[in-house]
Amino acid sequence: MSKVLLITNIPAPYRVDLFYYMQTHQQTHQQTHEFFVIYTNRNEDNRQWVIDERKLLQSTILESKIIKHKGEGDVHYLHIPQHLTREITRINPDVVIAWEYNPSAVKALLWCRRHGRKFIHLTDGTLYSERGIGRVQKLMRHIIIHHADACIASSTKAKEKLLHWGVPERKIFLSLLTVDISRFRYAEKRENQHTLLFVGRIIPLKGLDLLLRALAKVHQSFELLIVGDGEAEEKAKLMAMAEETHIAQHIHWLGFQSGEPLADAYRRASVFVLPTREDCFGLVLLEALCSGTPIVASKYADGAYDIVHPGENGLIVDPEDADALAEAIDSILSSEEIQRRYSQNCRQYIPQFEFEAVMQGYLQAIAFVTSGNK
């Protein structure tokens with residue numbers, strides 16, 4: 001039985017759920033892999049996630065020195081973990097799968113080279129999300145990408161990036177980013193509704209100000225549910241903006257939601273709107289899809305190109321263009337037939353995000369590196 005070690009930053013629920021599935025569904029597929037997980041820290045201070053500790057099978061959570069960097073619209077976290085090399089040695093894996101281009105990935109790569117083990121690079125990042133990286137960051141990408149035995153991309157846009165960096169297509173395996181989609185029950189829209197939904201952190205990067213600007217131009221009646229917490233200063237600015245544009249009475253600030261209250265918000269919504277200025281993926285789009293909710297997505301949400309099929313289950317627009325965003329929202333709100341058709345079409349795009357399908361990308365990459373391919 002081969003040992004496969006997964007190294008990522010924190011136990012985000014969507015990662016924990018997938019890893020748990022991979023660890024508990026090996027016999028079904030007659031696989032001979034034993035999966036271990038290392039998280040380089042317990043949490044980051046901008047997250048409110050609650051983890052089911054029972055799902056942390058063969059998992060180690062290290063402590064890291066965390067360096068925070070205020071970027072454009074968001075805070076970035078760099079983990080410098082303690083005792084990572086020692087923990088890798090203790091597990092003694094045959095294959096290591098490490099995320100992104102951080103000190104942990106570099107240490108894991110060096111360990112694999114020193115011990116003759118296989119190294120697989122996994123990335124969520126895209127050409128757009130990484131457009132502003134500096135020289136050191138480019139060097140880290142060059143080292144990791146060009147020394148990996150294989151790569152896993154979590155979206156088609158992430159695969160585009162790997163191809164751009166010179167990775168041969170035969171060494172790239174697609175494993176779409178996903179959540180436990182069973183938590184979001186599909187519910188076809190059956191009557192003309194006028195409820196818009198936004199889910200996400202209240203920070204400039206998510207583009208809520210762009211949505212409010214567009215809503216002032218929407219002709220249909222609407223209510224907007226905003227689910228999420230974030231920066232108090234940003235929320236105050238948005239509330240003032242809503243007052244100035246005379247739409248404040250249509251907005252309901254629901255705060256952070258999870259579990260059934262969150263799932264119910266998706267089911268209630270006529271349209272899910274993500275006006276983000278940048279998102280490597282945008283898992284909230286997947287949650288909307290699995291809930292049967294028509295979507296209006298920003299063209300800067302890179303996961304939209306795997307989830308939203310324009311004219312079928314939603315639309316992709318430039319959120320900086322207030323007229324285009326308003327027109328997209330109006331076009332769905334104004335038609336009961338479009339709402340129903342978009343909702344019905346969501347169903348056919350869900351299976352590729354089931355854990356069973358997503359796991360295949362990992363298994364294919366592992367099979368590739370362990371079979372002697374180059």
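**Setting values against their definitions**

Biologist: How do the residues of the lining of the largest cavity divide into nonpolar, polar and charged?

Modeller: That lining has 7 nonpolar residues, 3 polar and 1 charged, where Ala, Val, Leu, Ile, Met, Phe, Trp, Tyr, Cys and Pro count as nonpolar, Asp, Glu, Lys and Arg as charged, and the others, Gly among them, as polar. The model is predicted, and local features need pLDDT of at least 70, side-chain atom pairs count only at pLDDT 80 or more, while totals for chains, interfaces and linings use all residues. Residues are numbered from 1 along each chain as its sequence is written, and side-chain values use heavy atoms, with hydrogens and water left out.

Biologist: What makes a space a cavity, and how many of 30 Å³ or more are there?

Modeller: A cavity is a set of points, on a 1 Å grid over the protein atoms alone, where a 1.4 Å probe fits but cannot get out, and its lining residues have an atom within 4 Å of a point. By this rule the count comes to 1 cavity of 30 Å³ or more, and the volume of the largest cavity is about 80 Å³, taken as the space filled by probe spheres set on grid points that are joined across faces, edges and corners.

Biologist: Which residues line the largest cavity, and which elements give two or more of them?

Modeller: The lining consists of Tyr14, Arg15, Leu18, Leu122, Ser154, Ser175, Leu176, Leu177, Thr178, Val358 and Tyr362. Helix 1 (13-24) and helix 13 (355-370) are the elements that give two or more residues, helix 1 giving the most, with 3; helices are DSSP runs of H or I with at least four residues, strands are runs of E with at least two, and both are numbered from the N terminus.

Biologist: Why is the pair of Tyr266 and Phe272 called tilted?

Modeller: The structure holds 7 aromatic pairs, a pair being rings of Phe, Tyr or Trp (its six-membered ring) whose centres lie within 6.5 Å, with planes under 30 degrees apart counted as stacked, over 60 as edge-to-face and the rest as tilted. Tyr266 and Phe272 are 5.6 Å apart centre to centre, with 35° between the planes, so the pair falls in the remaining class and counts as tilted. Both residues are buried, a word that stands for under 20% relative accessible area, with exposed over 50% and partly exposed in between (1.4 Å probe, protein chains only).

Biologist: How do you know that Arg131 lies over the face of Tyr128?

Modeller: The criterion asks for NZ of Lys or CZ of Arg within 6 Å of the ring centre and within 35 degrees of the ring normal. Arg131 is placed over the face of Tyr128 at 3.9 Å from the ring centre, and Lys157 over that of Tyr305 at 4.6 Å, so each distance meets the distance limit.

Biologist: Why is the chain called as compact as a globular protein of its length?

Modeller: The chain has 13 helices and 15 strands. Its radius of gyration is 21 Å, close to the 21 Å of the globule rule for 374 residues, so it is as compact as a globular protein of that length; the radius is taken over C-alpha atoms, and the rule is 2.2 Å times the number of residues to the power 0.38.

Technical notes
1 Å grid on protein atoms, 1.4 Å probe; cavity = no way out; pocket = protein on both sides within 12 Å on 5 of 7 lines; lining within 4 Å.
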